[in-house]
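The sequence and the structure come first.

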Amino acid sequence: MSYPRIASLKTAAAFRAHLERSGIPLGFDDMLDPPAESPLAEPLEIDGGRIGNRFCILPMEGWDGTRDGAPTELTRRRWTHFGQSGAKLIWGGEAVAVRHDGRANPHQLMLSASTEGAIASLRDDLVRSHRDRFGSNADRDLWVGLQLTHSGRYARPDVYDRPAPLAGSHHPVLDRRFPGGVRVLTDDELDRLVDDFIIAARRAYAGGYQFVDIKACHGYLGHEMLGARNRPGKYGGSLENRTRFMRSIVEAIHSGVPGLEIVVRLSAFDTVPYRKRWDGSGEAEPFDGECGFGVVRDDGSLHAGLDTALEEAAAVLRMLERLHVRWICVSGGSPYYNPHVQRPALFPPLDGYEPPEDPLRGVARQIAATAWLKRACPNLVFVGSGYSYLQEWLPHVAQHAVRTGLTDCVGLGRMVLAYPDLPADVLEGRPLRRGSFCRTFSDCTTGPRLGLVSGCYPLDRFYSERPEAGQVKMVRAHDIQGASR
Ligand SMILES: Cc1cc2nc3c(=O)[nH]c(=O)nc-3n(C[C@H](O)[C@H](O)[C@H](O)COP(=O)(O)O)c2cc1C
Ligand code: SF4
């Protein structure tokens, strides 16, 4: 099945007609407001803090840290771009492991005694670049945090293609994908891991980060624990038990590191795992039994069952609200077993499959989920994800989403790798650079699957001129010629 390229939907009428024909519920504004009147430019004042506009940079790893978990020049370049983007909310920068066995790859950043200074200086680089571009006081309404994680089932701390899974619970389908077996962390090990999160949070606070994100998305440990239905003991079974790991971390950081804000990025909904079919397209892998967190059962449109699936997420968010967590970034699924849900794309990454649905449906689902949760939890502040596939229409959908209260902030992931200062261009009313739009070629995901650093190989000359670019191109499963026509 092929879907029209976004770049070919050149007018609002053409875009709307495609959405209507395909039955994709996605609102957008035909015209962008002038900067002075744009809802995207409106500051957000929460609990005495001020965030200068509604753009947020989502966390994105580059697989480019040193062996001991410190940033390299590549990491610094990415964070500098985040600072220059014009967005006023930096949701965690990238996933940083709280200890070695929780690293998703041997080059993931890790917060330890030997790296805390370097990881603090990453924030300084970002703030400096923000001031250099937007003025010496520009960081007064900039909010920068650090995402803390343990990669759980997807840990590969020593060799990029050697999994060392430390799962939250067994999963009948996902376990089969680990021929070497899956070890489930014991209750005692989880207790100790809570302490590692506190130590890391203390280091982040000392390094000047205003908040930490306790990562609960994308199949990593914090997310898997929420779905640990079949796990015995105090961390499994009931929702009360499945949220214990998260609650313990939040409570311990609140009491151990007062002054540090805590936020949560959540895969608020999920699907059963997908696999590549004989013809290259993605299909749901059937299995019976209860497993996972917020799993949408209706596989037809994946929209019909969404509300029911989100009830669980809403219960978790209410619990977080009681623990004084105010900011939530909504994501969905996992890049490992349903990438079309997590990061809608026209072109699959190396380990992916051809999209089983129009990627716009994936975008619409993430926006709908965020809006649903915002209605269910009106005291929380929401950041939405999954907008990059919108390309030319991203600012129009973003403006509509904020203007109509579907979300408070719009998160940008891949778009910022390809076009780092898109937010500044929108907010300053400049014409957008069509040649810089992320076209969802997925090379930034394919690179790491080959053990290479991540970056926008097709569109960022800095990466297209690196030696790795040839390797990525060789395995690219698709022809990108004419993608922006
Ligand atoms: C190269 C790459 C690295 C990513 N790393 C992280 C990460 O460290 N933490 C995280 O929560 N999400 C990560 N993500 C997911 C993004 O934050 C985002 O949810 C996803 O790309 C969808 O948003 P988009 O459509 O704007 O790209 C990553 C995505 C990409 C493409
Ligand atoms: S490699 Fe570049 S164009 Fe492709 S998905 Fe990543 S950011 Fe977008």
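Helices α7 and α8 cross in a right-handed sense. The model is a predicted one. The two helices span residues 244-256 (α7) and 306-322 (α8), and their axes come within 11 Å at a crossing angle of roughly 20°. That angle is under 35 degrees, so α7 counts as roughly parallel to α8. On the α7 side the contact is made by Met 246, Arg 247 and Val 250, and on the α8 side by Val 316, Met 319 and Leu 320. By class, this contact has five nonpolar residues, one charged residue and no polar residue.

**Packing of α4 against α7**

Helix α7 also packs with α4, which covers residues 187-206; here the axes come within 9 Å and cross at roughly 40°. The two helices are therefore oblique to each other. Again the crossing is right-handed, with α4 passing α7. From α4, the residues in contact are Leu 190, Leu 193, Val 194, Phe 197, Ile 198, Ala 201 and Arg 202, and they meet Phe 245, Ser 248, Ile 249, Ala 252, Ile 253 and Gly 256 of α7. The classes in this contact are 10 nonpolar, two polar and one charged.

**Packing of α2 against α3**

Helix α2 (residues 73-84) packs with helix α3 (residues 116-134) at an angle of about 40°, the axes being 7 Å apart. This pair is therefore oblique as well, and the crossing of α2 and α3 is right-handed. Helix α2 contributes Thr 75, Arg 76, Trp 79, Thr 80, Phe 82, Gly 83 and Gln 84 to the contact, while the residues from α3 include Ala 118, Ser 121, Leu 122, Asp 125, His 130 and Phe 134. The contact of α2 with α3 has six nonpolar, seven polar and four charged residues.

| α7 and α8 | within 11 Å | roughly 20° | five nonpolar, no polar, one charged |

**Surroundings of ligand 2**

The shell around ligand 2 consists of Arg 414, Leu 417, Cys 438, Arg 439, Thr 440, Phe 441, Ser 442, Asp 443, Cys 444, Cys 456, Pro 458 and Leu 459. Two elements, α12 (414-418) and α14 (443-449), each give two or more residues to this shell. By class, seven of the shell residues are nonpolar, two are polar and three are charged.

**Salt bridges**

Side chains of opposite charge can pair when their charged atoms come close. The count comes to 42 salt bridges. One of them joins Arg 403 to Asp 29, with 2.6 Å between the closest N and O atoms. Arg 403 lies in helix α11 (residues 394-403), and Asp 29 lies in the loop between α1 (12-22) and β1 (44-46), so that the pair links distant parts of the chain, 374 residues apart.

How values were computed: Residues numbered from 1 in each chain as written. Chains lettered and ligands numbered in written order. Predicted model: local features only at pLDDT ≥ 70, side-chain atom pairs only at ≥ 80, totals over all residues. Heavy atoms only, no water. Near = heavy atom within 4 Å. Helix = DSSP H or I, 4+ residues; strand = E, 2+ residues; numbered from the N terminus. Nonpolar A, V, L, I, M, F, W, Y, C, P; charged D, E, K, R; others polar. Axes fitted to C-alpha atoms, helices over the stretch in contact; angles between N-to-C directions. Parallel < 35°, antiparallel > 145°, perpendicular 65-115°, else oblique. Left-handed = near helix turned anticlockwise from the far one by under 90°. Contact = heavy atoms within 4.5 Å. Salt bridge = Lys/Arg side-chain N within 4 Å of Asp/Glu carboxyl O.
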